[in-house]
Amino acid sequence: MIVVIIIGLLASLAIPAFLRVRASSYASRIANDYRLYRDAFEIYYVENGVWPADNNHGHIPPEMEGRLPGFDQESPSGDFWDWDRNAAGAVAGVSLYGEKTDEAVMVRVDEILDDGDLSTGKFYHGPTRYTFELD
């Protein structure tokens with residue numbers, strides 16, 4: 001009986017720590033994906049002098065084929081990546097479209113990319129998406 005109680009206590013300590021590490025890792029992955037996609041779009045802009053045209057979420061703009069690994073696939077949260085050109089309040093921005101991602105995780109992403117406040121800065125939460133504004 002004592003062994004079961006000790007195992008229960010250890011589990012009650014380990015599970016919250018595991019969940020915190022998992023959320024932090026998840027936020028880092030999303031932030032890195034945002035950076036990867038931001039960099040690809042900015043390279044395109046430098047090479048061509050214009051941003052690619054807006055496209056539907058979950059689809060790679062034709063001009064960006066081969067430059068955005070995983071952009072056309074569902075994110076780990078089940079949301080979709082989106083390129084916004086003169087949409088969602090941004091002249092140019094990379095968005096995670098949908099509301100399946102936990103807001104606490106996205107606040108952590110904002111801390112990594114911007115100012116930690118989803119209502120201000122270059123990374124913000126709109127009605128249906130989290131946008132990282134490029135221009």
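Contact here means heavy atoms within 4.5 Å. The model is predicted, and its description begins with two helices, α1 (residues 2–48) and α2 (residues 103–113), whose axes come within 9 Å and cross at roughly 55°.

**The two helices**
- The crossing angle makes α1 oblique to α2, and α1 passes α2 in a right-handed crossing.
- On the α1 side the residues that meet α2 include Ala23, Tyr26, Ile30, Tyr34 and Arg35, while among those they meet in α2 are Val105, Arg108, Val109 and Leu113.
- Sorted by class, this contact of α1 with α2 has eleven nonpolar, two polar and two charged residues.

**The sheet**
- Four strands form an open sheet with antiparallel pairing, in the order β1-β2-β4-β3.
- Because β1 and β3 (123–125) stand at the edges, each with a single partner strand, one side of each is left without a neighbour in the sheet.
- Strands β2 (residues 90–97) and β4 (residues 129–133) run antiparallel and are joined by five bridges, and Ser95 has Thr131 in β4 as its bridge partner.
- Helix α1 packs on the sheet, touching β1, β2, β3 and β4, and its direction makes about 145° with that of β2.
- Helix α2 also packs on the sheet, where it touches β2, β3 and β4, and its direction makes about 160° with that of β3.

**A loop residue, Asn55**
- Asn55 is placed in the loop between α1 and β1 (80–87).
- The side chain of Asn55 reaches the backbone oxygen of His59 at 3.5 Å, and a polar atom of that side chain lies 3.0 Å from the backbone oxygen of Ile60.
- Leaving aside neighbours within four places in sequence, Asn55 is in contact with Ile60, Pro61, Pro62, Asp82 and Trp83.

Technical notes:
Residues are numbered from 1 along each chain as its sequence is written. This is a predicted model: local features need pLDDT of at least 70, side-chain atom pairs count only at pLDDT 80 or more; totals for chains, interfaces and linings use all residues. Side-chain values use heavy atoms; hydrogens and water are left out. Axes are lines fitted to C-alpha atoms, for helices over the stretch in contact, and angles run from 0 to 180 degrees between N-to-C directions. Angles under 35 degrees count as roughly parallel, over 145 as roughly antiparallel, 65 to 115 as roughly perpendicular and the rest as oblique. A crossing is left-handed if the near helix is turned anticlockwise from the far one by less than a right angle, and right-handed if clockwise. Ala, Val, Leu, Ile, Met, Phe, Trp, Tyr, Cys and Pro count as nonpolar, Asp, Glu, Lys and Arg as charged, and the others, Gly among them, as polar. A polar contact is a pair of N or O atoms within 3.5 Å; within protein, one must be able to donate a hydrogen and the other to accept it, and residues adjacent in sequence count only if both atoms are side-chain atoms. Two strands pair if DSSP finds at least two bridges between them.
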